[in-house]
Amino acid sequence: MNDTGDTTDAFVTAVKPLVDAMGGELMPPEGAGPDDVVLAWQGADVVAVRLPQLADSLDHILAAMERTKGVPLSALDRRQKQEAVRLLEARGAFSVRHGVETVAGALGVSRFTVYNYLNRDKTP
């Protein structure tokens, strides 16, 4: 492959972990739809990124959190679940429709408990 191809491959390889972490999908730029993001490198369209829907992003975030912890989120202790809720709030998990319910299900707690964890840091 020529230098341009090698550089292009390196660019795609470099952005892939970020796209994977977001739950996105890489595709050829000519296959991009109106909501996809086309990435250009050195003046040429190289790859398109299809971003996930917000609800899919939350599932992806929860799965990544489980992989990082090495156990199902429902197996975490109370303190760890509170920490997880704080992290998820910082990442916008509760701005997604049914976000509280989805997180509660993953943590194995009630919606009420998730709301308590969210309000815990906001009380004086």
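These entries record what I looked up in a predicted model, beginning with the sheet and ending with the helices.

**Basis.** I worked from a predicted model in which local features need pLDDT of at least 70, side-chain atom pairs count only at pLDDT 80 or more, and totals for chains, interfaces and linings use all residues. Residues are numbered from 1 along each chain as its sequence is written, and side-chain values use heavy atoms, with hydrogens and water left out.

**Entry 1: the sheet.** I first looked up how the strands are arranged. Strands here are DSSP runs of E with at least two residues, helices are runs of H or I with at least four, and both are numbered from the N terminus. Three strands make an open sheet with antiparallel pairing, in the order E1-E3-E2; two strands pair if DSSP finds at least two bridges between them. Strand E1 (25-27) and E2 are at the edges with a single partner strand each, so one side of each has no neighbour in the sheet. Direction ignored, neighbouring strands are turned by 30° against each other on average.

Entry 2: I then followed E2 (residues 37-41) and E3 (residues 44-50), which pair in the antiparallel sense over five bridges. Alanine 40 has aspartate 45 of E3 as its bridge partner, and tryptophan 41 stands opposite alanine 44 in E3. Two residues lie between the strands of this hairpin, where glutamine 42 takes a positive phi near 55°.

**Entry 3: helix H5.** Which residues of H5 are buried? In H5 (residues 111-120) I noted Val114, Tyr117 and Leu118 as buried, a term for under 20% relative accessible area, with exposed meaning over 50% and partly exposed in between (1.4 Å probe, protein chains only). These residues cover an arc of only 100° around the axis, which puts them on the same side of H5; the arc is taken over directions from the helix axis to the C-beta atoms. The buried residues of H5 pack against helix H3 (78-90) and helix H4 (99-107).

**Entry 4: H3 against H5.** I looked up the packing angle, which is about 75°, with the axes 9 Å apart. Axes are lines fitted to C-alpha atoms, for helices over the stretch in contact, and angles run from 0 to 180 degrees between N-to-C directions. H3 is therefore roughly perpendicular to H5, the word used for 65 to 115 degrees.

**Entry 5: glutamine 82.** This residue lies in helix H3. Glutamine 82 counts as buried because its relative accessibility is 5%. Leaving aside neighbours within four places in sequence, glutamine 82 is in contact (heavy atoms within 4.5 Å) with Tyr117 and Arg120.

Methods. Angles under 35 degrees count as roughly parallel, over 145 as roughly antiparallel, 65 to 115 as roughly perpendicular and the rest as oblique.
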